[in-house]
Amino acid sequence: MGTVESINNRLVHINLAIQTDGQDEVNSIMMRERPFIGELNLDIDPDNLSLLIAVGEVMGVSQPLTVSRISCIGKLAILWLDLNRWLVLPPAGSHLSVNQALQDTFGQDIQFQSEGEFIHAELTEAAVRYLLESDNTRDVHQQADRRRADSANRLLEEGVTIMSPCDQREYDILVRDHCAERLWQWLSHQEQKPAVNG
């Protein structure tokens, strides 16, 4: 991956391999780019559903996830799969569950409700505004301003559906180079921190 200055807006295919322990807490996260999509140098809208299906077929993945926004906030990386649907990555080796890591980050500004295999959460208006306006959130969609407003409305009206990294062990993700670089920096920063034994 290039430096922040040299990245462009191309679509890249990254694979996240996640190892968890018996309590479904994340032990390690390995990120690697699968080069084929990047080599095509596609600069197209990752929300285009027919494109997603076609690219998924080429990749041999039934439904790759698309990420158009990433928030590296507190100890968390939040990959925005939609306006109000997240894949949340707590720091590897932290022995925190997704709920605990979110609670540590948002405190009283987040409330949880169980919703089958997914977590459903409600955020306060202050938390939503902080998330969407903070420098910790990188938005790389062609219509980023409109999508931020739409996200704010959806989050306040419907809350957020959260996928846990423990739901599956690998994720294939289509993402802009900007987001992939941000996630790489977050993972590298987490690896440099000394592990804390609980």
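Contact here means heavy atoms within 4.5 Å. By that rule, and leaving aside neighbours within four places in sequence, Ile173 is in contact with Val12, His13, Ile14, Leu16, Leu65, Val67 and Leu79. This is a predicted model, in which local features need pLDDT of at least 70, side-chain atom pairs count only at pLDDT 80 or more, and totals for chains, interfaces and linings use all residues. Residues are numbered from 1 along each chain as its sequence is written, and side-chain values use heavy atoms, with hydrogens and water left out.

**Nonpolar cores**

- A nonpolar core is a set of buried Ala, Val, Leu, Ile, Met, Phe, Trp, Tyr and Cys residues joined through side-chain atoms within 4.5 Å. Buried means under 20% relative accessible area, exposed over 50%, and partly exposed in between (1.4 Å probe, protein chains only).
- The largest nonpolar core has 25 residues. Ile173 is among those with the most contacts inside it, along with Leu16, Leu79, Leu89 and Leu183.
- Strands S1 (11-20), S2 (26-34), S3 (65-67), S4 (69-73), S5 (76-82), S6 (85-89) and S11 (170-176) each supply at least two residues of this core, as does helix H6 (177-192). Helices (H or I, at least four residues) and strands (E, at least two) are DSSP runs, numbered from the N terminus.
- H6 gives the most to this core, with five residues.

**Salt bridges**

- The structure holds five salt bridges. Each needs a side-chain nitrogen of Lys or Arg within 4 Å of a carboxyl oxygen of Asp or Glu.
- In helix H4 (residues 125-133), Glu125 and Arg129 lie four residues apart, about one turn of the helix. They form a salt bridge, with the closest N and O atoms 3.6 Å apart. Glu125 counts as exposed, at 52% relative accessibility. Arg129 counts as partly exposed, at 41%.
- In helix H5 (residues 144-158), Arg146 and Asp150 are separated by about one helical turn, because they are four residues apart. Their salt bridge has its closest N and O atoms 2.8 Å apart. Arg146 is partly exposed at 44% relative accessibility, and Asp150 is partly exposed at 25%.
- Arg154 and Glu158 also lie in helix H5, four residues apart. Their salt bridge has its closest N and O atoms 3.4 Å apart. Arg154 is partly exposed, with a relative accessible area of 27%. Glu158 is partly exposed at 40% relative accessibility.
- A network of salt bridges links Asp82, Arg154 and Glu158.
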